[in-house]
Amino acid sequence: MAQANLTINLDAVADNWRALDARTGPDTETAAVVKADGYGLGAERVAARLAATGARTFFVATAAEGARVRQTVGEVPAIAVFSGHMDGDTDLIRAHDLIPMLNSTAQVDRHLDALPDARFGVQLDSGMNRLGMEPAEWDSQKTRLLERGPWLVMSHLACADEPEHPMNAQQLAGFRAMTDGLGLRRSLSATGGILLGPDYHFDLTRPGIGLYGGAPFSAAVPAVQLAIPVIQCRDVALGETVGYGNAWIASRPSRIATIAAGYADGLLRSLSGKATLFAGATPCPLVGRVSMDLLTIDVTDLDEDPETLEILGPYQGVDALADAAGTIGYEILTSLGARYDRRYNRF
Ligand SMILES: *Cc1c(COP(=O)(O)O)cnc(C)c1O
């Protein structure tokens, strides 16, 4: 079969959720962020598994994502939407009992007009300047929002993956200044914030990347393995070239394997000449440019031609591959293509 195998280990995702949950005290709930199709791993499968593991709250980016998650987790878990109550979302919010995190006065107006009795949360800006109400706006909306009892107020940290960054303490102070003494349920931390310690935990945490095995949760168990079948192998003489643009020139007589995945499968073109694949534990360099459907790999040093080569797995995690591509693990995961044969298994 010329299709690469993507194996997703939901046991690892569940273990990572439990490990992050154990980093916070008993009064802090650990939610799960399953936006962008569960960071590319399959939002339905991930959410169903985490609900069975004990997660009671899920976060998504859009109402449409929330509707999909609702189908698999049933009526009980809370599903909150980071983008809030957007124009046109009212029917989805009502039909699937979603909780919009209201980001602006316009969203507050829209929500209270359309669904005056439905739950909502509030997102506050503590300095990232991306989503949420700024302090003055929050002050102007507070009275009518507090009257109705927000389900949660939250903010998001810009630099939580850098523990020493002064922005962390600054945002913590800003969030506290906006929310202390109001008796509200609060959330500040994603994966990085959980690792910053108890001051950052409040009532609920919102891990995403750590569940899926990525930095900054260095204790995470890898959750994905990607094995790519070899289509053909050939001998390349000293001085011959491989691939588009003649970007690689053999500096010795070489054996080159052509394998069945490329940038159309999320193996970013910036990996050209930089990535490493693995035959068992043996590293084999990617040579030349990444094509749409193909990669070319130097397998000269192997004893025999391989049947498959691994690009993600026990010998190379998402962060190592991300480094080679000049990006972050989040982008590697959310780029994983639709063409893979996806299996949910241990590996
Ligand atoms: C994506 C996101 C998260 C999860 O972040 P990770 O770094 O993946 O843990 C939490 N909160 C908000 C607002 C987000 O956008």
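Predicted model: local features only at pLDDT ≥ 70, side-chain atom pairs only at ≥ 80, totals over all residues.
Residues are numbered from 1 along each chain as its sequence is written, and side-chain values use heavy atoms, without hydrogens and water. Local features need pLDDT of at least 70 and side-chain atom pairs count only at pLDDT 80 or more, while totals for chains, interfaces and linings use all residues.

**Domains and interface**

The domain assignment (automatic or from a database) gives domain 1 (31–212) and domain 2 (224–344). Their C-alpha centres lie 38 Å apart. Eight residues of domain 1 are in contact with seven residues of domain 2, where contact means heavy atoms within 4.5 Å. About 740 Å² is buried between domain 1 and domain 2, with 66% of this area coming from carbon and sulfur atoms; buried area is the accessible area (1.4 Å probe) that two parts lose on being put together, summed over both. In domain 1, Tyr39, Leu41 and Ile209 lose the most area to domain 2, together 56% of what that side buries.

**Ligand**

Around the ligand are 14 residues, of which Lys35, Tyr39, Thr191, Ile209 and Tyr330 come nearest; a residue counts as near if one of its heavy atoms lies within 4 Å.

| Residue atom | Ligand atom | Distance |
|---|---|---|
| His156, polar side-chain atom | nitrogen | 3.4 Å |
| Arg206, polar side-chain atom | nitrogen | 3.0 Å |
| Ile209, backbone N or O atom | oxygen | 2.7 Å |

Taken alone, the ligand exposes 390 Å², and the protein buries 92% of that (Shrake-Rupley method, 1.4 Å probe).

Technical notes
Polar contact = N/O pair within 3.5 Å; in protein donor to acceptor, adjacent residues only side chain to side chain.
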